Amino acid sequence: REDMRTFFGITEGIVFTGESGTEVLFRLVRAAILGSSPGGTVVGSTLEHPATVSACTRWSPVAGKAYVRIPHDDARAVVTAEDYLRHVTPETRVVTIIQTSPVTGITVDVQAIAQAVRSVAPDSFILVDSIQHAAHGVMAVDACGVDACAVSGYKVFSKHNYGVGWASPRLSVL
């Protein structure tokens with residue numbers, strides 16, 4: 001767990017394991033959606049992996065939250081902070097971000113998106129899918145100002161059926 005804290009680039013919160021990165025994402029999304037304040041929206045993008053989309057699609061209606069999917073820029077295969085700002089409102093409860101597209105390999109600016117989200121919805125939970133990113137880029141999660149992150153061990157350093165997640169102190173209580 002301490003090695004994973006170093007790998008994620010975190011100083012507090014909890015590190016936990018699951019059956020896969022997909023399963024870890026599903027648990028993080030469920031906890032954030034069901035544990036956040038009533039009403040409001042869950043915001044993600046069309047760039048995201050089905051693991052996040054299916055969890056948001058499953059739990060948003062259960063919690064009475066609308067699920068908003070931001071269209072990504074097809075030509076550049078990216079979603080930006082400006083794209084998120086057009087859809088995030090003070091009633092946004094949960095935000096999901098994919099760090100690197102599994103289709104194109106293009107990386108989004110998680111820190112800029114998180115800062116933009118916090119400027120409008122400071123109490124929202126921000127969850128990051130770093131499954132494709134972890135093997136290829138720095139995992140400076142603390143610097144991003146998010147609440148959760150998930151990776152799949154087999155994409156980086158381990159066998160299949162192994163995921164690792166991080167949850168911030170405020171998300172971990174959910």
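Here we go through a pair of helices and then the nonpolar cores. Keep in mind that this is a predicted model.

**Two helices side by side**

Start with α2 (residues 21-35) and α3 (residues 50-62), whose axes come within 9 Å and cross at roughly 30°. Angles under 35 degrees count as roughly parallel, so α2 is roughly parallel to α3. If you're wondering about the hand of the crossing, it is right-handed.

Which residues make the contact? From α2 you'll find T22, L25, F26, V29, R30, I33 and L34, while α3 brings A51, T52, S54, A55, C56, R58, W59, S60 and V62. Sorted by class, the contact of α2 with α3 looks like this:

| Class | Residues in the contact |
|---|---|
| Nonpolar | 10 residues |
| Polar | four residues |
| Charged | two residues |

**The nonpolar cores**

Now for the cores. The largest nonpolar core has 33 residues, and F8, Y84 and V146 have the most contacts inside it. Several elements supply at least two residues each, including α1 (2-8), α4 (81-85), β4 (92-98) and β7 (163-167). Which helix gives the most to this core? That's α5, with five residues.

There's also a second, separate core of 20 residues, and among its members are I33, V42, I131 and A148.

Finally, zoom in on Y84. Leaving out residues up to four places away in sequence, Y84 touches V43, G44, S45, E48, I70, V79, V95, T96, I97, I113 and V117.

Terms used:
Residues are numbered from 1 along each chain as its sequence is written. This is a predicted model: local features need pLDDT of at least 70, side-chain atom pairs count only at pLDDT 80 or more; totals for chains, interfaces and linings use all residues. Side-chain values use heavy atoms; hydrogens and water are left out. Axes are lines fitted to C-alpha atoms, for helices over the stretch in contact, and angles run from 0 to 180 degrees between N-to-C directions. Helices (H or I, at least four residues) and strands (E, at least two) are DSSP runs, numbered from the N terminus. Angles under 35 degrees count as roughly parallel, over 145 as roughly antiparallel, 65 to 115 as roughly perpendicular and the rest as oblique. A crossing is left-handed if the near helix is turned anticlockwise from the far one by less than a right angle, and right-handed if clockwise. Contact means heavy atoms within 4.5 Å. Ala, Val, Leu, Ile, Met, Phe, Trp, Tyr, Cys and Pro count as nonpolar, Asp, Glu, Lys and Arg as charged, and the others, Gly among them, as polar. A nonpolar core is a set of buried Ala, Val, Leu, Ile, Met, Phe, Trp, Tyr and Cys residues joined through side-chain atoms within 4.5 Å. Buried means under 20% relative accessible area, exposed over 50%, partly exposed in between (1.4 Å probe, protein chains only).
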